Number of protein chains: 2
Amino acid sequence: MKIHNFSAGPCILPPEVLNEAAAAVGEFNGLGLSLIEISHRSKDFVAVMEEARELTKELLHLPDRFDVLFLQGGASLGFYTAAINLLPTEGRAAYVDSGTWSAKAIKEAELLGKIDVVGSSKASNYDRIPTFSAPPKETSFMHYTSNNTIFGTQFASTPDAGVPLVADMSSDIFSRTFDANLFHLFYAGAQKNMGPAGTVMYAFDKEAMSQTGRAIPSYLDLTVHAGKDSMFNTPPVFSVFVTLLTLRWIKANGGVAVMQKRNEAKSSLIYTEIDRNPLFEGHAHVDSRSHMNATFRLLDESKTERFDTMWKSAKISGLKGHRSVGGYRASMYNALPLESVQTLVDVMQALEHEG
Amino acid sequence: MKIHNFSAGPCILPPEVLNEAAAAVGEFNGLGLSLIEISHRSKDFVAVMEEARELTKELLHLPDRFDVLFLQGGASLGFYTAAINLLPTEGRAAYVDSGTWSAKAIKEAELLGKIDVVGSSKASNYDRIPTFSAPPKETSFMHYTSNNTIFGTQFASTPDAGVPLVADMSSDIFSRTFDANLFHLFYAGAQKNMGPAGTVMYAFDKEAMSQTGRAIPSYLDLTVHAGKDSMFNTPPVFSVFVTLLTLRWIKANGGVAVMQKRNEAKSSLIYTEIDRNPLFEGHAHVDSRSHMNATFRLLDESKTERFDTMWKSAKISGLKGHRSVGGYRASMYNALPLESVQTLVDVMQALEHEG
């Protein structure tokens, strides 16, 4: 019986992807060698990197002026990397503070210049996407976190800030369509909708780069990596390969628009139940709810042990909420089937019917 | 018939490691889930990270005051990371320039302070480990590259500089014993003797940290990672796991001292043949020869096509030299069996006997 994997990340990947990844660790492309023991400069791996970059451009409908890189360090290094590539010396940038990861992004950017926090929902434990004020004059970009994994909130649509956008899309990249033309840069750790841990994708407008006047360390300089086709140094071979397999799976299943429809069906199912079932309440405000991570709790905490026993018996995994919020969190990334959400809803209803 | 994998990196890993890695991508620890779809905060993965860190300390006989981290970005980010953690503002450091990677390390460190290049073999295309002059007064550390993959040179022993050492050991870590007490820090990309691409190991004296007076970006601050047990952010799960498997294999095979004996036997076999066989000459000076990467060339280039055909027929892979040196490079990391080197020597002798 298959596990229903609601883990917040690293998280569920399509079974076809896992099978092909395991096979490639055994032997890759009939070479008589494992994927992880060949040179990254071999034609077999260069083809992997190129296809992953091209497929990203295709699936996200990126303008020609965009480049795509697969690097290392996760979004945590991305916070600093984004700012050092785009924030001029003596410059200023606007940041929206919508959760733990936004706050971390702000902290790193503040090492580099003047940061205006134009909106924050910290006071209400990040239970909503904050409204924000217009960025001040001479703002280079506005940075936001498109989906807040911990709190279960998500920007309903791309914000209109009047300045170029920069976004950390780690937990909703490839889950819905958006217009990349509004961005100078977006970045995303792979370990939600895109692949396994170990690589972070940067997509950026090449024309917006190299304008800060800064001396940037080579590994943090996106133009250095772009000039080497994302192979400035040894890339995280396995993570890029499994990301490619996941992107192929997205394409074979109809692309990002189809993923979005599926994700909306899943989130609709769980939120309808949270709102209907008298035993539960949601954490996030209704208009800020995430299609990726539904946060909710039992109104009567004495039922916790019973509920936990029931969902574990149903082979549900990874449902425990983050310690900052408590309760439960159902993460429903692309690879999670609707059937898994239905299983969870069935358990919630069974608990209700126990009375 | 098994391939003889002489690739310079990513490179050969033990077959047992590859088999276990492939199996874990299918299912890990009987969880019903893949290694790459579980939370990095799960007890199953935390145990992986802890064992990898502890086994590193054990196999390298690290003093208690040392900490070990598995991060991302490779040695290329390590060049900057090492300097920003150890070079005080207004400080100075000494660097030995023994090859391409040393030169890159110098370039990154120069962003942060005064760098004294105390020795260089660049003028002779890095065909030897340079002698170096005593570092100037007020030098915080001397940095060197212990093994130069491209040129096939290696420090015969740990240099005596009169100041604390910092080293990039990417291509010879775990291949020979050394005294860690002489170091403030050493770091190594995993993809040679330690595991697959995608993680870099930092080992450092905790007491030498936090003395630069710098504001360090969080991801580059080794004390930040140490404070979170190498889990400040999502680690490169697969790469750390396969590194752990490789470390277990080193331990099960007798530890680093046994690896060193095996590596000396392999390098002795190939260098004896290079020196004996009238068709070949080595690139590196004899007293600078690497036990990891033997660089050599045909004296008569017209025999190139024939030699290439012969070694390829013998199922030898990855023997082509780096473009900076030309000729051939036999990389003989821990997992390469003596039998593979013997196969190469047999081919070299067969070429000689063709006349």
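Analyst: A word on terms to begin with: a residue is called buried if 20 or more other C-beta atoms lie within 10 Å of its own, and exposed if 12 or fewer do. Please also keep in mind that this is a predicted model.

User: Okay, so is B:Phe174 buried or exposed?

Analyst: B:Phe174 has 24 C-beta neighbours inside 10 Å, and since the cut-off is 20 or more, B:Phe174 counts as buried. The residue sits in the loop between strand 8 (165-168) and strand 9 (183-189) of chain B, and its phi is near 65°, a positive value in a residue other than glycine.

User: Let's zoom out. How many helices and strands are in chain A?

Analyst: Chain A has 9 helices and 14 strands. Its radius of gyration is 21 Å, close to the 20 Å that the globule rule gives for 355 residues, so chain A is as compact as a globular protein of that length. Taken along the principal axes, the C-alpha atoms of chain A fill a box of roughly 65 × 60 × 30 Å.

User: And what percentage of chain A is buried?

Analyst: Buried residues account for 53% of the 355 residues in chain A. As for how the chain contacts itself, among contacts between residues at least 6 apart in sequence, 68% join residues at least 24 apart.

User: New topic, helix packing. At what angle do helix 2 and helix 6 of chain A pack?

Analyst: Helix 2 (residues 43-59) and helix 6 (residues 237-252) of chain A pack at about 40°, with their axes 9 Å apart, which makes helix 2 of chain A oblique to helix 6 of chain A. The crossing of these two helices of chain A is left-handed.

User: Which residues make that contact?

Analyst: Helix 2 of chain A contributes residues including A:Phe45, A:Val48, A:Met49 and A:Leu55, while helix 6 of chain A contributes residues including A:Val240, A:Phe241, A:Leu244 and A:Leu247. The residues of this contact divide into 12 nonpolar, 2 polar and 3 charged.

User: What about helix 2 and helix 6 in chain B?

Analyst: In chain B, the axes of helix 2 (residues 43-59) and helix 6 (residues 237-252) come within 9 Å and cross at roughly 40°, so helix 2 of chain B is oblique to helix 6 of chain B. The crossing of helix 2 and helix 6 of chain B is left-handed.

User: And how do helix 1 and helix 6 of chain B pack?

Analyst: Helix 1 and helix 6 of chain B pack at an angle of about 145°, with their axes 10 Å apart, and their crossing is right-handed. The contact is made by B:Glu16, B:Val17, B:Glu20, B:Ala21 and B:Ala24 of helix 1 of chain B, together with B:Phe241, B:Val242, B:Leu245, B:Thr246 and B:Trp249 of helix 6 of chain B. Sorted by type, the residues of that contact are 7 nonpolar, 1 polar and 2 charged.

User: Last one: how many residues of chain A are in contact with chain B?

Analyst: There are 49 residues of chain A in contact with 49 residues of chain B. On the side of chain A that touches chain B, helix 1 (15-26), helix 3 (74-86) and helix 6 of chain A each supply at least two residues, and the largest share, 5 residues, comes from helix 1 of chain A. The residues of that side of chain A divide into 27 nonpolar, 20 polar and 2 charged.

Notes. Residues numbered from 1 in each chain as written. Chains lettered and ligands numbered in written order. Predicted model: local features only at pLDDT ≥ 70, side-chain atom pairs only at ≥ 80, totals over all residues. Helix = DSSP H or I, 4+ residues; strand = E, 2+ residues; numbered from the N terminus. Rg over C-alpha atoms; globule rule 2.2 N^0.38 Å. Contact = placed C-beta atoms within 7 Å. Axes fitted to C-alpha atoms, helices over the stretch in contact; angles between N-to-C directions. Parallel < 35°, antiparallel > 145°, perpendicular 65-115°, else oblique. Left-handed = near helix turned anticlockwise from the far one by under 90°. Nonpolar A, V, L, I, M, F, W, Y, C, P; charged D, E, K, R; others polar.
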